[in-house]
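These are my notebook entries on a single protein chain.

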Amino acid sequence: MSFTVPPPPLDIAEHLPELLPHARSTTLLYPRTGSPGRWESSVGGPLLWPADEPWPTCAAPDHYNPARGCAVVGPEPVAMVPVLQLFAGDVPALAFPAGTDVLQVLWCPLIHSEHDQWSPVPVLRWRSAAEVASERLMDEMPRPYEFDDEYVPRPCVLHPTETTEYPNWDLPEELSARVGEWSDALEEATGISYYDAFTTNQSKVGGYPGWTQAPSWPQCGCGERMEHLLTISASESCGRWLPVEERTCPGSGWEVPDTLRDDGHGMDMGDAGGVYLFVCRACPDWPTIHRYDC
């Protein structure tokens, strides 16, 4: 079930029309704690996984768990954890490779120093639900013997909801300066800034990465800049993006109700961090790469 995104505090076309070419469609995922099934889109839920396909593990020589005083765990293999499963019918705006209609994201629930990102390392699987359904399914997913709980999501059902957003960092320098000035005036008049009202920093498909640090767009080996595929974020349903269905009263403020603060995947990711996945669809095998910031 999708949610209803509240309208913005004003029409951006009337106040800063130069931003309109930078608008992008995004699908906010709105994970909420629940008990999803393997045939559902989910965060941290059971995956549609063939019984005879080996479960992915990580044997990085340097992965470690900061909860144990930065004790190094690698290179002993650690079972990856399910992070995200998306069915094409739930995210119509997401393009899938030919013959597939399920996207799965897993990662090693430990910290890695790869490329100085100090984050988990995700892996992706694109699947055909019909092909998997014709096989025997895995009854129980392996559990990691070691993990950092900041990167192990609670099972959540999703409420994919399409909306429009604008960039926070990814703007030409002159326009970015003008947006900053306008944002100050907007916040004084309405109590909410441009960055809170028109940019999102939560789990989503498409749109812009919710950079908290300077942008770090990856370049594919083919020479093309990769596109933002999806974000898994520690921040969920903040401010004006809180769905209408979850507001305590019509016209309520931008704060998230206390009842919702713990009704999500529960991952802090180093204090409000985010893992951004990028893809190059110009290449036939759709290579992916990730970035992390917090």
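The entries below follow that order.

**Basis.** I worked from a predicted model, in which local features need pLDDT of at least 70 and side-chain atom pairs count only at pLDDT 80 or more, while totals for chains, interfaces and linings use all residues. Residues are numbered from 1 along each chain as its sequence is written, and side-chain values use heavy atoms, with hydrogens and water left out.

**Overall form.** I looked up the secondary structure and found 5 helices and 16 strands. Both are DSSP runs numbered from the N terminus: helices are H or I with at least four residues, strands are E with at least two. I then checked the radius of gyration, taken over C-alpha atoms, against the globule rule of 2.2 Å times the number of residues to the power 0.38. For 294 residues the rule gives a value near 19 Å, and the protein has 20 Å, which agrees with a compact globule. Along the principal axes, the C-alpha atoms fill a box of roughly 60 × 45 × 40 Å. I noted that 51% of the 294 residues count as buried; buried means under 20% relative accessible area, exposed over 50%, and partly exposed in between (1.4 Å probe, protein chains only).

**The sheet.** I traced an open sheet of 6 strands in the order β2-β11-β3-β8-β9-β10, with antiparallel pairing. Its edge strands, β2 (32–33) and β10 (122–127), each pair on one side only. Two strands pair if DSSP finds at least two bridges between them. Between β8 (residues 81–87) and β9 (residues 102–107) I recorded 6 bridges; Leu 86 has Leu 103 in β9 as its bridge partner.

**Cysteines.** I searched the whole structure for disulfides, defined as pairs of cysteine sulfur atoms within 2.5 Å, and found 0. Cys 280 counts as buried because its relative accessibility is 3%. Cys 156 is also buried, at 0%.

**Glu 162.** I located Glu 162 in strand β12 (residues 161–165). Its relative accessible area is 45%, so Glu 162 is partly exposed. Leaving aside neighbours within four places in sequence, Glu 162 is in contact (heavy atoms within 4.5 Å) with Ser 25, Thr 26, Thr 27, Pro 92 and Ala 93. I also noted Thr 4, 158 residues away along the chain, with its C-alpha atom 9.1 Å from that of Glu 162.
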